[in-house]
Amino acid sequence: MLGDFLLAAFIAASGFVTAGILGSFYHLVTGEPPRFFAEMKGPLSWLIVVGLWLVAGPFIFMRNAIQGYYRESFSPKMLAAAGGLTAMWSILSGTFVLSFLLAL
């Protein structure tokens, strides 16, 4: 039981770290933070943006939730719910990233 929990925590941490690295790299390259409502100008940019949303989504979602909390438009309960959703999304993206790395 504890081993399963630690494995899920490792997968979630891997997913969130990957999301943070990808989100920070996007910010470094473009000069603006990643967001869910990005401008898509062609099929290649569409693929890049959707890939960014899938992998860096937990980072974007939690950053927006924390900013909403500091602007006082989010309650602590909403921030906790956003953290739970972020953890589940991190497990999904972490599973994808670790599966991809193990397949190499």
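The accessible surface of the protein chain comes to about 7,300 Å², and 77% of that belongs to carbon and sulfur atoms (areas by the Shrake-Rupley method with a 1.4 Å probe; for residues, only the protein chains shown count as cover). This is a predicted model, so to speak of local features takes a pLDDT of at least 70 and side-chain atom pairs count only at pLDDT 80 or more, while totals for chains, interfaces and linings use all residues. Residues are numbered from 1 along each chain as its sequence is written, and side-chain values use heavy atoms, with hydrogens and water left out.

As for the fold, the protein chain has 3 helices and 0 strands (DSSP runs numbered from the N terminus: H or I of at least four residues for helices, E of at least two for strands). Along the sequence that reads α-α-α. The C-alpha trace spans about 45 × 45 × 20 Å along its principal axes. Of the 104 residues, 26% are buried (under 20% relative accessible area; exposed means over 50%, partly exposed in between, with a 1.4 Å probe and protein chains only). Take the contacts (heavy atoms within 4.5 Å) between residues at least 6 apart in sequence: 67% of them join residues at least 24 apart.

On to the aromatics. The structure holds 3 aromatic pairs (Phe, Tyr and Trp rings, the six-membered one for Trp, with centres within 6.5 Å; planes under 30 degrees apart are stacked, over 60 edge-to-face, the rest tilted). F61 and W89 have ring centres 6.5 Å apart and planes at 50°, so this pair is tilted. F61 is partly exposed at 26% relative accessible area, and W89 is partly exposed at 26%. Ring pairs also bring in F36, which joins F61 and W89 in a cluster.

T86 is buried, at 4% relative accessibility. Setting aside neighbours within four places in sequence, T86 touches F16, P58, F61 and M62. A polar atom of the T86 side chain also sits 2.7 Å from the backbone oxygen of A82. L79 is in helix α3 too, and, with neighbours within four places left out, its contacts are M62, A65, I66 and Y69. L79 and A12 are 67 residues apart in sequence, and their C-alpha atoms are 18 Å apart in space.

Now for charge. Side chains of opposite charge can pair when their charged atoms come close. Here the count comes to 1 salt bridge (a side-chain nitrogen of Lys or Arg within 4 Å of a carboxyl oxygen of Asp or Glu). R35 forms a salt bridge with E32, the closest N and O atoms being 3.6 Å apart. R35 is partly exposed at 39% relative accessibility, and E32 is partly exposed at 32%.

Two surface details remain. L2, F5 and L6 make up a nonpolar patch with about 350 Å² of accessible area together (patch residues have over 30% relative accessible area and no salt bridge; nonpolar side chains, that is Val, Leu, Ile, Met, Phe, Trp and Tyr, are joined within 5 Å, like charges within 9 Å). L6 belongs to helix α1, residues 2–30. E72 lies in the loop between α2 (43–70) and α3 (76–103). Its phi is near 65°, a positive value in a residue other than glycine, and E72 is exposed at 73% relative accessibility.

Note on methods. A polar contact is a pair of N or O atoms within 3.5 Å; within protein, one must be able to donate a hydrogen and the other to accept it, and residues adjacent in sequence count only if both atoms are side-chain atoms.
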